[in-house]
Amino acid sequence: MIVTKEKRNLILAGSATGLIAVLLVFFGNPKNMGFCIACFIRDTAGALSLHSASVVQYARPEIIGLLLGSMMISIIKKEFKPRGGSSPLLRFVFSFFVMIGALVFLGCPFRLILRLAGGDLNALVALFGFISGIIGGSILLSKGFSLGRSYKQSKAEGSMMGVVALALLAILIFIPSLLKFSEKGPGSLHAPVALALAGGLIVGILAQRTRFCMAGGIRDVFLFKDSTLLLGSVMVFVVALILNLFTGNFVLGFAGQPVAHTDWLWNFLGMGLVGYGSVLLGGCPLRQTILAGEGSSDSAMSVLGMLVGAAFAHNFGLASSTSGATLYGKIAVIIGFVIISAIVFVQLKNKK
Amino acid sequence: MEIDARGLSCPQPVIETKKVLDTKVASLRVLVDNIAAKENVSRYAKSAGYAVDVAEQDDGWLLTLEKA
């Protein structure tokens with residue numbers, strides 16, 4: 001294998017990201033949840049009282065850090081480009097269902113990797129679902145599905161997501177009484193604010209520089225036989241695995257895994273929906289967050305779609321618990337597949 | 001031949017490029033306007049045996065791919 005500069009950077013960034021993820025758990029985050037974009041956006045939705053599941057409410061500084069880190073580094077590197085207008089509402093809907101799928105599985109692709117690195121075999125089942133969803137979406141993309149072009153937008157439009165992140169950080173630090181904080185459950189487990197923010201900032205910077213994407217890595221292997229982007233995810237896995245083995249956090253098995261359930265079919269389908277939606281959107285939840293920081297208001301719509309999806313997931317009992325997927329969650333995943341597919345087929349038909 | 005991939009999000013610029021390169025053209029120009037597309041199209045073209053010349057334009061890049 002020739003190690004190009006891009007590959008070297010992804011290896012370094014992936015390794016650093018795996019290390020930070022394990023450190024955040026060491027300093028207080030829930031197990032196998034150093035990072036989880038879906039869970040953290042869900043917790044943030046809870047902190048803002050958009051849902052009232054009392055165990056998952058906390059304005060996660062990691063999300064704020066990711067947005068601000070990506071924004072700062074893209075401005076410094078002159079890569080901050082306000083763009084938008086590529087089917088914003090469809091992106092909102094796709095992301096809504098990506099969040100539903102993630103909360104039926106209990107994790108985004110990032111946490112999928114961390115769960116695997118912790119020995120959680122339910123995540124292996126979900127990985128097959130994720131890959132299947134990505135392959136399905138990739139085929140539709142190569143058949144010509146497109147959400148359309150984006151266009152240049154104003155600086156105000158492009159920087160709004162960063163402003164929102166800053167405002168949330170200010171509220172978290174100066175007027176926390178406005179927010180909800182879980183007293184028990186995953187939402188009550190968190191690293192100190194400064195560390196979580198620093199972790200988010202560093203990973204945000206690294207992910208912006210390397211275009212790191214969990215869905216894109218698998219997609220590129222399938223579509224172009226190119227494993228460059230996949231290296232990032234592989235290194236997160238390898239480094240987190242090694243550190244978990246050394247610190248006794250590696251427990252191999254299906255049952256009793258932290259913040260997980262053993263409903264294999266719904267782990268498979270939930271993550272399948274995440275892969276399917278993500279690849280059609282052009283990136284996993286982490287990549288959407290990074291792009292939102294870089295000035296993409298289309299990706300900002302994705303972040304908002306995930307935020308609202310998370311609120312719906314808890315307000316209507318769609319999110320799984322450690323005892324398994326709920327009936328309504330299962331129905332919502334099926335609806336997600338149907339709606340996204342219907343949108344894709346209508347678009348493809350109109351193109352001809 | 002020229003592909004205008006401006007405003008398209010990845011992987012579409014690469015898919016469009018691949019479709020044309022698969023027909024074994026001697027050269028192809030691709031217009032892109034985001035960094036990820038510039039990098040991904042360049043990487044794909046190189047792996048397909050094309051030399052890539054990158055010229056910066058006011059709002060993006062013109063990639064010229066020549067069969068090496």
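Me: Which does A:Cys213 count as, buried or exposed?

Reply: In this predicted model, local features need pLDDT of at least 70, side-chain atom pairs count only at pLDDT 80 or more, and totals for chains, interfaces and linings use all residues. Residues are numbered from 1 along each chain as its sequence is written, chains are lettered from A and ligands numbered from 1 in the order in which they are written, and side-chain values use heavy atoms, leaving out hydrogens and water. Buried means under 20% relative accessible area, exposed over 50%, partly exposed in between (1.4 Å probe, protein chains only). With 3% relative accessibility, A:Cys213 counts as buried.

Me: Which cysteine does a disulfide join to A:Cys36?

Reply: A search of the whole structure finds one disulfide over all chains (a pair of cysteine sulfur atoms within 2.5 Å). The link is right-handed, with 65° about the S-S bond, and both of its cysteines are buried. At an S to S distance of 2.2 Å, the partner of A:Cys36 is A:Cys39.

Me: How far is the sulfur of A:Cys284 from the closest cysteine sulfur?

Reply: A:Cys213 is in no disulfide, and the cysteine sulfur nearest to its own is that of A:Cys284. A:Cys284 is itself buried, at a relative accessible area of 1%. The closest sulfur to that of A:Cys284 is in A:Cys213, and it is too far for a bond, at 3.9 Å.

Me: What is the relative accessible area of A:Asn32?

Reply: A:Asn32 is not a glycine, yet its phi is positive, at about 55°. The residue sits in the loop between helix 1 (5-26) and helix 2 (37-47) of chain A, where helices (H or I, at least four residues) and strands (E, at least two) are DSSP runs numbered from the N terminus. A:Asn32 is buried, with a value of 9%.

Me: Is A:Lys78 buried or exposed?

Reply: A:Lys78 is another residue that is not glycine, and its phi is positive, near 55°. Its place is the loop between helix 3 (61-76) and strand 1 (83-84) of chain A. With a relative accessible area of 73%, A:Lys78 is exposed.

Me: What is omega for the cis peptide bond of B:Cys10 and B:Pro11?

Reply: B:Pro11 belongs to the loop between strand 1 (2-4) and helix 1 (12-21) of chain B. The cis bond joins B:Cys10 to B:Pro11 with an omega of about 10°.

Me: Which strands of the chain B sheet stand at the edges?

Reply: The sheet is open, with four strands in the order 1-2-4-3 and mixed pairing (two strands pair if DSSP finds at least two bridges between them). Strand 1 runs parallel to strand 2 (residues 27-32) of chain B, joined by three bridges, and B:Asp4 stands opposite B:Leu31. Each edge strand has a single partner, so one side is left without a neighbour in the sheet; the edges are strand 1 and strand 3 (50-57).

Me: How far apart are the C-alpha atoms of A:Asn122 and A:Ala255?

Reply: A:Asn122 lies in helix 6 (residues 122-142) of chain A and is buried, at a relative accessible area of 2%. Beyond neighbours within four places in sequence, its contacts (heavy atoms within 4.5 Å) include A:Phe105, A:Phe254 and A:His261. Although A:Ala255 is 133 residues away along the chain, the C-alpha separation is 8.5 Å.

Me: Which helices do the buried residues of helix 14 of chain A pack against?

Reply: Helix 14 (residues 327-351) has 25 residues and reaches 37 Å from its first C-alpha to its last. Its buried residues include A:Gly329, A:Gly336, A:Ile340 and A:Leu348. They pack against chain A helix 4 (88-105), helix 6 and helix 11 (264-281).

Notes
Expected span 1.5 Å × (residues − 1).
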